[in-house]
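User: Can you walk me through this structure? Keep it simple, please.

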Amino acid sequence: MITVMEKSTSGMLAVHATGKLTDDDYKDIWIPAQEAVIERNGKARALLYMDADFKGWELKAMWQDAKFGLRHRKDFSKLAVVGGPDWARWGVKLGELLMDCEVRLYEPERLGEAMTWATAP
């Protein structure tokens, strides 16, 4: 499940991921919210916080993530990824090769620092 975090701003979308992410999480929350930030600002900043209960993505959700990432790979200026299992963090590092933005990984206890970095223009 994805929920939009209260610390999101007009230029930065922060989301909290827990459990297993679904196709509906992407279609109903993540993609429309990110596209709104991109439309307002030209480029988006994003923060993905994966808590200790994060279990990964359903296959359809992975497909939505890949399609969105490729379509908008030049539309991000920053991506902060906080927490998550090692395998997910490695996936983010591989995905970074396709993104045209700065990507930083943070441990869960550094969520505040990640939020400050992602929020700054």
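Analyst: We'll go through the ground rules, then the core, a helix and the charged pairs. This is a predicted model, where local features need pLDDT of at least 70, side-chain atom pairs count only at pLDDT 80 or more, and totals for chains, interfaces and linings use all residues. Residues are numbered from 1 along each chain as its sequence is written, and side-chain values use heavy atoms, leaving out hydrogens and water.

User: How many residues does the largest nonpolar core have?

Analyst: It has 25 residues. A nonpolar core is a set of buried Ala, Val, Leu, Ile, Met, Phe, Trp, Tyr and Cys residues joined through side-chain atoms within 4.5 Å. Buried means under 20% relative accessible area, exposed means over 50%, and partly exposed lies in between (1.4 Å probe, protein chains only). Among the residues with the most contacts inside this core are Trp30, Trp57 and Phe76.

User: Which helix gives the most to this core?

Analyst: Helix H1 does, with 5 residues. Helices (H or I, at least four residues) and strands (E, at least two) are DSSP runs, numbered from the N terminus.

User: What is Phe76 in contact with?

Analyst: Setting aside neighbours within four places in sequence, its contacts include Gln34, Ile38, Phe68 and Met99. Contact means heavy atoms within 4.5 Å.

User: New topic. Which residues of H3 are buried?

Analyst: Ala88, Arg89 and Val92 are buried in H3, which spans residues 86-96. They lie on the same side of H3, because they cover an arc of only 100° around the axis. That arc is taken from the directions from the helix axis to the C-beta atoms.

User: And what covers them?

Analyst: The cover includes strands S4 (44-50), S5 (56-57), S6 (76-83) and S7 (102-106). The face turned away from the buried side carries exposed Asp86, Trp90 and Leu94.

User: How many salt bridges are there?

Analyst: The whole structure has 4. A salt bridge is a side-chain nitrogen of Lys or Arg within 4 Å of a carboxyl oxygen of Asp or Glu. One of them joins Lys27 and Asp23, with the closest N and O atoms 2.9 Å apart.

User: Where do those two sit?

Analyst: Both are in H1 (residues 23-41), and they are 4 residues apart, so about one helical turn separates them. Lys27 is partly exposed at 43% relative accessibility, while Asp23 is buried at 11%.

User: Which pair links distant parts of the chain?

Analyst: Arg71 and Glu35 form a salt bridge, with the closest N and O atoms 3.6 Å apart. Arg71 is in H2 (residues 59-71) and Glu35 is in H1, 36 residues apart.
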